[in-house]
Amino acid sequence: MKKLAIFQFKSITHRLIFGCVVSAIGIYGISYWHARQLMQKTAGTWIVDLTQSRIDNATHDMESKLLGIERNVLLLMPTILQTEQNSDTVPNDELLLSLKFLVERQPEVQTVALIEMPNSPTETFPTGWNYDRQGKYSNLNGIEARGWLTRCDRAISSNQPSNQTSNQTLNQSFWSQPHASNTSLSNGLAKSSITYCIPLATDLNIANALSSNPRIRYLAVELDLDWLSTLIAKQFTNTDEINYLELVDPFVVTSSGTQWLVKPKNSQQVQSWLSQQNLHDISLHQGLIYTKVNPQGTLITKTAPSSDWIVGIIFPSDKLEQFQQKYLWSIIFSMSKDMVLMCVVVALISQLTTKPLRALNASTEEMAKGNLDTTLPEVTSNDEVGRLTHSFRRMRDSLQLHIQDLQETTAAKQKLESELSIAAQIQRTMLPRTSVQRNPISPYDISAVLRPARIVGGDLYDFFLLGSDRLCLIIGDVADKGFPSALQMAKTITLIRTLTKASSTPSEILSTVNQELCAENEDCLFVTVFCGALELSTGKFTYSSGGHDAPILVRDRHVQYLDLETMPPLGLYEDSVFEQQEFTLLPNDLIVFYTDGITEAMNANGEIFSESRLIEMMTSYPPTNTTRAVRTIQHFCQQFVADAPQSDDITLLAVQYLPSNPFSQVANVMEWKLTLNSVLTELEQVKQTLGKILREADLTVEIIEDAQLIAEEILVNIIQYGYEGRSDGHIDLRIEMNDQNLSMTFEDSAKPFNPLTDITTPDLEKKDDNARSRGGFGFFLVQELAEQVDYVYRDGKNTLTVSQRIVAAISI
């Protein structure tokens with residue numbers, strides 16, 4: 001199958017680059033598909049891991065900040081407790097110095113307060129004092145003290161009476177829920193703060209204190225939460241340099257989900273997601289990462305142990321898809337870069353590798369032009385190119401020797417062919433020539449043909465008079481083919497002519513020639529010969545055969561073999577006896593002699609023509625004269641063989657007994673008959689068959705084309721106007737030809753239609769073809785090309801005969 005033009009490369013470099021590109025596309029395509037599958041599976045894991053790490057770091061920093069404050073407060077607790085035991089409600093200088101140190105060391109601390117809970121029925125409000133960052137000390141009124149106590153008293157926050165608070169609750173410090181700060185921003189809005197509460201008791205024994213109704217106090221440290229937004233932003237705004245992922249919009253919310261400590265940009269969406277989750281379940285995972293995935297995205301949170309705040313981030317699905325696509329594009333860019341670099345490297349390597357090949361190609365092109373003295377490139381390596389150069393050098397040297405030998409051989413062959421051509425010409429001169437134009441008073445008519453399989457052959461035929469009243473007929477076939485057979489054939493003909501006397505019979509002729517051929521016949525060459533003698537006055541035909549096939553007799557269009565008892569071939573046995581037989585010919589009887597080149601002719605499928613096909617063909621087309629007999633047998637034999645090479649010499653000899661003027665009784669006419677169905681599709685086959693018949697008759701191209709045009713126009717008229725397009729009819733075409741005329745007779749069973757009267761001669765001046773009569777122009781051409789046209793309707797059939805004047809060049 002022919003390659004597409006785009007795949008017909010003129011350079012190995014282009015082919016290599018194309019192969020690399022196709023391979024890379026296939027490999028990278030599979031890699032891309034695999035990478036995409038892995039990306040879809042692992043991108044979520046990357047994001048979860050990265051986000052968990054950031055949340056864990058943010059929670060750790062937040063916890064560290066709170067624990068640092070707790071530690072600093074607890075370090076001051078002994079001083080605060082000792083001072084409280086030695087004073088009433090007003091702190092002394094030592095306590096103020098400790099509080100000032102705490103506030104200055106922790107910039108997040110805004111105010112420190114001491115609240116005393118009421119311990120008798122007469123006290124309705126708690127009392128206390130506070131110290132703020134501005135260094136201001138003040139006593140708390142009942143409402144202010146009540147506000148501080150609301151943040152620190154867990155019994156109040158949990159709706160339990162103070163006398164039901166457990167020992168562990170009183171002795172445990174804790175962080176309050178976020179609340180509005182006592183201070184405000186410059187714009188008048190309150191800050192968010194939390195309070196670290198430390199329960200204090202006047203009695204060191206808490207259990208006794210509970211039983212004796214002691215005085216309970218709280219040390220409260222108010223912490224500003226402005227630092228929380230900065231801490232969270234620091235952790236989540238850094239872009240991941242490995243995965244190219246930017247984590248944005250984190251949040252911090254209370255465990256109840258009602259108060260934002262760090263509010264995300266899309267707070268409504270986050271609130272919606274959180275509302276779909278069980279915050280209680282999230283709070284139960286204190287200190288652990290909690291991850292929840294739904295179709296909208298991924299929610300990742302962690303609850304701080306000390307404050308119960310929920311730190312988290314929501315990663316939407318579209319953000320994940322965007323990240324995946326960005327990562328895949330980076331993979332595609334990387335693979336494309338690798339492909340380009342690979343093509344460049346392949347091109348450079350190919351150029352270096354094919355450089356000696358290009359030099360070798362230039363040298364071989366010069367050799368192809370015939371310049372075998374061209375210089376081949378030097379061999380600089382032992383690789384395939386080097387070995388190829390060595391091979392071309394040896395080929396060039398071998399070609400030079402071969403051309404020299406070929407020139408000598410060609411000269412010798414031309415000389416031999418010239419000698420063989422001369423030998424073939426000499427061989428043809430040894431055979432008698434026949435012509436269709438013979439003496440009208442001759443009592444016989446002869447036609448013959450000899451066509452060797454090679455330049456010269458081993459078949460032979462001859463005819464000559466024995467005295468004045470007998471005609472000797474010879475046909476033979478030497479064993480094998482080629483030049484030895486031709487010499488044996490020449491020897492046999494020479495012996496027959498030199499040893500035959502006027503009184504010799506066929507038996508005597510074969511016996512005499514056999515003895516001569518047997519002498520010194522060391523190679524056992526033999527020849528089959530049929531010899532017959534025809535008495536022209538009586539028609540008596542005496543014949544004998546030395547290993548040759550019986551001839552065929554045609555009498556009154558009946559075909560049969562002559563009775564023959566064949567003897568051994570000539571040249572094998574000196575004592576061979578050749579029996580003689582007789583047969584009387586009637587006027588117009590025709591005898592056909594042939595060699596096995598006819599019956600053993602072989603087609604491309606290995607089938608032979610055979611004697612049965614020969615008899616069947618002659619029965620179907622019985623010849624009426626010698627010329628037709630020879631031509632008909634040749635035609636059907638060649639049609640059977642088709643394009644297969646000729647396997648043996650072919651020889652035909654036909655003789656017809658004409659005791660009176662032969663041309664007054666039997667026309668020297670060659671006849672063919674064709675039958676076709678009334679369909680236009682068979683016209684082309686008829687034209688080809690007609691052309692082949694007429695070319696074999698050696699007619700000129702002009703006559704053949706005229707005959708084909710006549711046949712086509714008449715057949716079209718019969719099919720279209722006679723049968724009116726029906727396909728169930730048939731048309732018989734009979735072709736007869738002699739040396740002067742070609743006659744074609746068309747016979748059909750259509751409706752009566754006489755073109756000579758029913759078709760009007762067309763007016764050639766009219767330009768409109770529709771205005772002319774049907775078939776008029778075609779039949780006008782037929783009448784112009786033909787010499788005579790005749791029509792007759794008889795027995796329900798139309799018979800149209802068209803005659804042409806020809807000049808035949810028929811030669812044997």
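Colleague: How many disulfides does the rule give?

Modeller: The count comes to one disulfide, where a disulfide is a pair of cysteine sulfur atoms within 2.5 Å. Please note that this is a predicted model, in which local features need pLDDT of at least 70 and side-chain atom pairs count only at pLDDT 80 or more, while totals for chains, interfaces and linings use all residues. Residues are numbered from 1 along each chain as its sequence is written, and side-chain values use heavy atoms, with hydrogens and water left out.

Colleague: What makes Cys152 and Cys197 a disulfide?

Modeller: Their sulfur atoms are 2.0 Å apart, and the limit is 2.5 Å, so the pair qualifies. The torsion about the S-S bond of Cys152 and Cys197 is about -65°, so this disulfide is left-handed. Cys152 belongs to helix H3 (residues 142-152) and Cys197 to strand E6 (residues 190-201), so the bond ties together parts that are 45 residues apart in sequence. Helices (H or I, at least four residues) and strands (E, at least two) are DSSP runs, numbered from the N terminus. Both Cys152 and Cys197 are buried, a term for residues under 20% relative accessible area, with exposed meaning over 50% and partly exposed in between (1.4 Å probe, protein chains only).

Colleague: How do you know that Cys518 is in no disulfide?

Modeller: The nearest cysteine sulfur to that of Cys518 belongs to Cys524 and is 9.2 Å away. Cys531 is in no disulfide either, the nearest cysteine sulfur, that of Cys472, being 4.1 Å away. Cys531 has a relative accessible area of 0%, so this residue is buried.

Colleague: Why is H18 called roughly antiparallel to H19?

Modeller: The axes of helix H18 (residues 683-696) and helix H19 (residues 701-722) come within 10 Å and cross at roughly 150°. Angles under 35 degrees count as roughly parallel, over 145 as roughly antiparallel, 65 to 115 as roughly perpendicular and the rest as oblique; H18 is therefore roughly antiparallel to H19. Such axes are lines fitted to C-alpha atoms, for helices over the stretch in contact, and the angles run from 0 to 180 degrees between N-to-C directions. Contact means heavy atoms within 4.5 Å. Among the residues that make the contact are Leu683 and Val686 of H18 and Ile704 and Ala707 of H19.

Colleague: What is the secondary structure of the protein, and what share of its residues is buried?

Modeller: The secondary structure comes to 21 helices and 27 strands. Buried residues make up 44% of the 812 residues.
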